[in-house]
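Subject: Structure handover

Hello,

Here is the structure I promised to pass on. Please open it next to this email and follow along.

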Amino acid sequence: MNATPATPETPETTPLRLGTRRSVLAKAQSGLIADAVREVTGRLVELVEITAYGDTSREQLAQIGGTGVFVSTLREALLSGEIDFAVHSLKDLPTAEPDGLTLAAIPRREDPRDALIARDGLTFAELPRGARIGTGSPRRAAQLNAWARSFGLDIETVPIRGNVDTRIGYVRSGKLDAVVLAAAGLIRIGRIGEATELLDADHILPAPGQGALAVECAASNADLASRLAELDDPYTRAAVTAERSLLAALEAGCSAPVGALADLLGDGQVVTEMRLRGVVGTTDGSTLVQLSTTGPVPASPAQAAVLGRELAAEMLAKGAAGLMGERAL
C-alpha cells in the first residue's frame, strides 16, 4: 500500500508558540490570550512553559530586582526565537521597552483593585488590633499602614512570597490574619469568591498597569504583531500608558512603593475625561504623597504619557523622591 503523503507545514498550519511562566495564574492568563489569538488568526496556539529566575528564587522581590525578574527569561526566549509571543502581567513589565520587542496588544483590563482575604470573613476595618497582613509589595504595605493609621488600627505588614495557594494558606493555617492579592488574578483563576473585601482605590491605589495583560512579540515579526494588535483595547492602553509614564518619570522600579490608577470618566454613554491618581509613600505608611489630575481622554498613547509625566512632576515637587528609598530605572 502506498503511504499517504504528509501534509507539508506552512506558516498558517504551524502552531504559534506562546511562552508562559509555569504558575497556575500565568497559565490561566496565557490560556485566555491563546483562545483570543486562535479566534483572530485561525491558527493553533501551543503553550511553552518557561521557568524564570523569579519563580525559583526565595529572596524578596525588592532584593532580586523587583517583578521584572519574572519577564526577563520570557523576553530572552522571544529574542532567541524559542517562542513567537509572550503574555505578561503588565504590572510586572519594566517601563523601558527593550530593543527588538514590541508590545503588540494590551487587551481590555480586568478589575485593577487589590483584594483582601482575611480570616473569619473579616473586612479590613474589622481586623483585630495587631493584625498581621501578608504582602510582598512595598506599595501595598505603605498604603495599608497609612489607611490603618487613619482610623486607629494597629497592624503589622509581613513580607511574603509564593503562589496564590501559598499566600492564602498563610491565612487558612492561622499564621497570618489576612493577605492582599490582586483581584484580577483571583478572578482569572476562579477564586475571587475567597476575597473578603475588594479594596477601594480611594484607600489603596493599585500598581501601575495592575489588572491588564501585555502581549509581546518580536518587532521583526510585523505580520504577527499586526494580528495580535486586534486584541488591543485603546482605552486600556491609554490608561495604563499614563500610569506607567508616571512610574517611569518618578524613576521608580516596579518594586517601589508607587501606586497609580487612570480612570475613564463619563456620563455612562460617552467617555469624556481621564483622571489619573498617583501615590508614593514610606512603607510604614507614616508619609504619603498622593495627588491626582484630570484631563481630556488622550487621543494617543503619547498624550497619555504626557499626563503621567505631568503628575509625576507635581509629586516630585511635593517630595515624592525622598519616599522611595533607592530609585531604579
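Below is what turned up, starting with a sheet. Keep in mind that this is a predicted model.

**The sheet**
Look for an open sheet of 3 strands. The order is S11-S12-S13, and the pairing is antiparallel. Strand S11 (258–266) and strand S13 (288–296) sit at the edges, each pairing on one side only. From one strand to the next, the twist averages 15 degrees. In general, strands of a sheet pair through backbone hydrogen bonds.

Now zoom in on S12 (residues 271–281). It is joined to S13 by 9 bridges.

**The cores**
The largest nonpolar core has 23 residues. Leu246, Leu250, Val258, Val280 and Met315 touch the most other members. Helix H8 (234–249), S11, S12 and H9 are the elements that give two or more residues to this core.

Most residues other than glycine have a negative phi. Asp120 is not a glycine, yet its phi is positive, about 60 degrees. Find Asp120 in the loop between strand S5 (114–118) and strand S6 (131–134). Is Asp120 buried or exposed? Its relative accessible area is 64%, so Asp120 counts as exposed, the cut-off being over 50%.

Best wishes

Notes:
Residues are numbered from 1 along each chain as its sequence is written. This is a predicted model: local features need pLDDT of at least 70, side-chain atom pairs count only at pLDDT 80 or more; totals for chains, interfaces and linings use all residues. Side-chain values use heavy atoms; hydrogens and water are left out. Two strands pair if DSSP finds at least two bridges between them. Helices (H or I, at least four residues) and strands (E, at least two) are DSSP runs, numbered from the N terminus. Axes are lines fitted to C-alpha atoms, for helices over the stretch in contact, and angles run from 0 to 180 degrees between N-to-C directions. Buried means under 20% relative accessible area, exposed over 50%, partly exposed in between (1.4 Å probe, protein chains only). A nonpolar core is a set of buried Ala, Val, Leu, Ile, Met, Phe, Trp, Tyr and Cys residues joined through side-chain atoms within 4.5 Å.
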